[in-house]
Amino acid sequence: MPSDPSLRQTDLGETPLLARGKVRDIYALGPAPDSDLLFIATDRISAFDHVLATGIPDKGRILTQLSLFWFNFLREFVPNHVITADVAEYPASLAPYRSQLEGRSMIVRRLQMFPVECVVRGYISGSGWKDYQATGAICGIDLPAGLRESDQLPQPIFTPAAKINTGGHDENISYQQVEKILGPVHSDALRTLSLEIYDRASKHAASMGLILADTKFEFGILGDQIILADEVLTPDSSRYWPADAYSPGGPQPSFDKQFVRDYLESIRWNKQTPAPALPQEIVARTRDKYLEAFHLITGRTSLTA
Ligand code: Q0Z
């Protein structure tokens, strides 16, 4: 077996793990409840809701550098949770773990997270398409009749979702339900911020030949300031479509994961655990797609420069 250059598992010794997601791991730096957090994006990849047995080398670095690009792009408009992504500035206690951290991690401020996923859709796809077909609406927003899958919406819409624990899918909820959870002031702030960020980001993406079909933001609050958190505008939290191949009337190929999905369909995996490994060719082609997304969005050819 050739050696695996991907990082699928992190281990920071005594540093307490706070949460493990499908792709990212969060550690607590210092005593709860006010300590900073350490976010690490691993090279794990999920498809059909399962984490696969094979990692994509550099995926965590690529997604971290993309998030940092967007945090910086948006910095004058919205504050974000990043303290530093420079491992030279990390606490000395993390020095032994540098190889797991470099390029793929950030130290962030611990926030009170809003328990609502702030999704903005400019195009109709995924759960939005399903809900529209069933009800003619998404999250209580009535839409014109006759839309086709992947069509552009008359205007971008805020389609919040409630987090469901235990690995379940988030559930689309109405703005009224958000108001019941967060109150009218925070609800309006999150909707306005989300739509404005989508507007800015989708214009940048369009200038690079990409459609930003939809994206999910997570916000938290520190004192009285609303802060953009988590990962932002990565292919894992967003649907990017190459504009030159856009063809509404059906699903659009996934920018990053289509080779993986096609492979898993070709082997007729039953989509139950355990998730299979990927052939090296699928790994290499998928890695190239993540690098291509990074290059298109940031204009940079190197992850480190
Ligand atoms: C985000 C999540 C992940 C599993 C907690 N700045 C923050 N302050 C407090 N909490 C969070 C953040 Cl970003 C926070 N998540 C979502 C991310 C793995 C769950 F990488 N959970």
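I take a cavity to be a set of points, on a 1 Å grid over the protein atoms alone, where a 1.4 Å probe fits but cannot get out; lining residues have an atom within 4 Å of a point. The model is predicted, so I keep its cut-offs in view: local features need pLDDT of at least 70, side-chain atom pairs count only at pLDDT 80 or more, and totals for chains, interfaces and linings use all residues. Residues are numbered from 1 along each chain as its sequence is written, and side-chain values use heavy atoms, with hydrogens and water left out.

**Cavity**

I joined grid points across faces, edges and corners, and took a volume as the space filled by probe spheres set on the points. I get 1 cavity of 30 Å³ or more. The largest cavity has a volume of about 90 Å³. I find its lining made of Arg 24, Phe 39, Ile 40, Ala 41, Leu 63, Thr 64, Ser 67, Arg 104, Ser 105, Met 106, Asp 230 and Glu 231. Strand S3 (36-41), helix H1 (59-73) and strand S7 (105-108) each give two or more residues to this lining. I use DSSP runs here: helices are H or I of at least four residues, strands are E of at least two, numbered from the N terminus. By class, the lining has 5 nonpolar, 3 polar and 4 charged residues. Ala, Val, Leu, Ile, Met, Phe, Trp, Tyr, Cys and Pro count as nonpolar, Asp, Glu, Lys and Arg as charged, and the others, Gly among them, as polar.

**Helix pair**

How do H6 and H7 pack? Helix H6 (residues 258-266) and helix H7 (residues 280-298) have their axes 8 Å apart, at an angle of about 155 degrees. H6 is therefore roughly antiparallel to H7 (angles over 145 degrees count as such). The axes are lines fitted to C-alpha atoms over the stretch in contact, with angles from 0 to 180 degrees between N-to-C directions. Phe 259, Val 260 and Tyr 263 in H6 meet Ile 282, Arg 285, Thr 286 and Lys 289 in H7 (heavy atoms within 4.5 Å).

I also checked the loop between H6 and H7, where Pro 274 is found. A cis peptide bond joins Thr 273 and Pro 274, with omega about -10 degrees.

**Aromatics and backbone**

My search of the whole structure gives 9 aromatic pairs (ring centres of Phe, Tyr and Trp, its six-membered ring, within 6.5 Å; planes under 30 degrees apart stacked, over 60 edge-to-face, the rest tilted). Tyr 123 and Trp 241 form an edge-to-face pair, 5.7 Å centre to centre, with 75 degrees between the planes. Tyr 123 lies in strand S9 and Trp 241 in strand S17, so the pair ties together parts 118 residues apart in sequence.

Leu 233 is not a glycine, yet has a positive phi of about 55 degrees. I place Leu 233 in the loop between strand S16 (225-229) and S17.

Key: Parallel < 35°, antiparallel > 145°, perpendicular 65-115°, else oblique. 1 Å grid on protein atoms, 1.4 Å probe; cavity = no way out; pocket = protein on both sides within 12 Å on 5 of 7 lines; lining within 4 Å.
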